[in-house]
Amino acid sequence: PDTTLIFGGVIATVKKTRIGFRAIGYSVTCTDYRTWADRRTLNDRFVNQTAGAMVVALFARYAPEFDTSLVDLTGPTFASVTFTRPTRITGALDQLAKLTGYYWDITPAKKVVWAAPGSTLAPYSLTDTSWNFDYPGVEDDRSALRNRVIVKGASHPDTAATSDYFP
């Protein structure tokens with residue numbers, strides 16, 4: 001069996017549901033480890049450091065249970081950067097990503113990724129013949145329908161515009 005982690009996080013809500021006459025099931029909502037990293041507000045100032053060094057220092061102080069071995073310590077050096085309350089780690093990473101063009105992620109194994117665009121490969125490839133993916137199914141629920149979806153994370157400027165249309 002494949003033991004690759006595809007999700008890592010914490011339980012947000014648990015709802016008990018009845019499945020038939022005697023069986024009881026649970027509907028569990030989870031959030032990824034970004035929520036766990038964001039549990040404290042920041043109050044730090046960095047002088048003459050790279051963004052990668054700042055990322056390592058922030059996690060060491062505010063979320064030491066995360067592994068920062070995948071953080072790229074190279075890159076531009078900033079004369080002075082200050083993070084004050086109510087900023088949290090993911091907000092600081094977003095700000096640094098906007099300044100540097102780097103991207104960030106927190107893996108299911110609690111590893112922090114901070115890297116230049118194009119410097120890392122995807123952890124696995126998905127093709128029509130690889131069969132290394134599973135379709136988990138979709139639950140129909142109108143409460144989740146939106147005209148717009150805002151994705152939080154690092155932004156990466158793209159040179160070509162992409163438009164997708166769904167009938």
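This is a predicted model: local features need pLDDT of at least 70, side-chain atom pairs count only at pLDDT 80 or more; totals for chains, interfaces and linings use all residues.
Residues are numbered from 1 along each chain as its sequence is written, and side-chain values use heavy atoms, with hydrogens and water left out. Local features need pLDDT of at least 70 and side-chain atom pairs count only at pLDDT 80 or more, while totals for chains, interfaces and linings use all residues.

Helices (H or I, at least four residues) and strands (E, at least two) are DSSP runs, numbered from the N terminus. Helix H3 spans residues 89-100 and has 12 residues. From its first C-alpha to its last, H3 reaches 16 Å, close to the 16 Å expected at 1.5 Å a residue; the expected span is 1.5 Å times one less than the number of residues.

Ile-89, Thr-90, Ala-92, Leu-93, Leu-96, Ala-97 and Thr-100 of H3 are buried, that is, under 20% relative accessible area with a 1.4 Å probe, protein chains only. They lie on the same side of H3 because they cover an arc of only 155° around the axis, taken from the directions from the helix axis to the C-beta atoms. The face turned away from this buried side carries Lys-98 and Leu-99, which are exposed (over 50%). After H3 comes Gly-101, whose phi is positive, near 85°.

The sheet is open, with 3 strands in the order E4-E7-E6 and mixed pairing; two strands pair if DSSP finds at least two bridges between them. Its edge strands, each pairing on one side only, are E4 (67-71) and E6 (103-106). E6 and E7 (residues 111-115) run antiparallel, joined by 4 bridges. Tyr-103 stands opposite Ala-115 in E7.
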